[in-house]
Amino acid sequence: MSEYDSLLRDLASLQAEISLDKRHVYRYRGSYRPGVTTVIHTLDAPALDRWKVRVQVEGTARAAYVNPRMPGETEEIYIARLVAAADEYEHERQSKAAADVGSQVHALIEHEVRVMLSEPSERPEAGEEALFRFAGWRQWAEAVKLQPLSAEARVIHPILDFAGTVDLLALVEGKLTVIDNKPTDTVYDERKLQLAAYAGALEAMGWPRMAQGIVCLPREGG
């Protein structure tokens, strides 16, 4: 028996009361509730904005390098040709590629955790990069003696009325911890705020104060 058994039963029963549709809209007992990520996306993200500008400038320079100006081509026509050659913004292309890998890593971690919890789960398909990053997560889990308590649990703050989905609630080196898995090279401040919101919701639901951890899984491994 775990000291958290009663709280885990309450959390499990809550799942039937919070729905999440394909548009990522939460509903609690039939009423809309804003999600944590939706709320955070309304805030300024200066680090993300700087990244978008940088990769877009790099993409533009690369496009200009491989598409030199033709003899007699005016500046206006040359610029229009470069614009027409770009079917999407560079930062959007990179974000989509990262999101595809991130989704695969997320699915692999969820499957692993559900197996550890003796819950039914079908192993997802994943590419080499996702499997490589997932290997780093498994090394971390073994190193901290990870003991999962709940995976992908939907929560709601009973006072502030926002909802969200917690990647993982577990014991990390014996300490109760709410965990967000991020297959990324950088941890932005907005992600720390997201995790704090999840922990705040759980504590408002009756859980004891807990540690918070972002498991960062960079492209180079580790």
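The model is predicted: local features need pLDDT of at least 70, side-chain atom pairs count only at pLDDT 80 or more, and totals for chains, interfaces and linings use all residues. Residues are numbered from 1 along each chain as its sequence is written, and side-chain values use heavy atoms, with hydrogens and water left out. Helices (H or I, at least four residues) and strands (E, at least two) are DSSP runs numbered from the N terminus.

**Helix H6**

- H6 spans residues 128-143, 16 residues in total, and reaches 23 Å from its first C-alpha to its last, close to the 22 Å expected (1.5 Å times one less than the number of residues).
- Ala130, Arg133, Phe134, Gly136, Trp137 and Ala141 of H6 are buried (under 20% relative accessible area, 1.4 Å probe, protein chains only).
- These buried residues fall within an arc of 150° seen down the axis of H6, so they line one face of the helix; the arc is taken from the directions from the axis to the C-beta atoms.
- On the other side of H6, Glu128, Gln139, Glu142 and Ala143 are exposed (over 50%).

- Four strands form an open sheet of mixed pairing in the order E4-E5-E6-E7; two strands pair if DSSP finds at least two bridges between them.
- E4 (147-156) and E7 (211-216) are the edge strands, each with a single partner, so one side of each lacks a neighbour in the sheet.
- E6 (residues 175-182) and E7 run parallel and are joined by 6 bridges.
- Val178 stands opposite Gln212 in E7.
- H7 (residues 189-204) packs on the sheet, touching E4, E5 (163-172), E6 and E7 (heavy atoms within 4.5 Å).
- The direction of H7 makes about 140° with that of E6; axes are lines fitted to C-alpha atoms, for helices over the stretch in contact, and angles run from 0 to 180 degrees between N-to-C directions.
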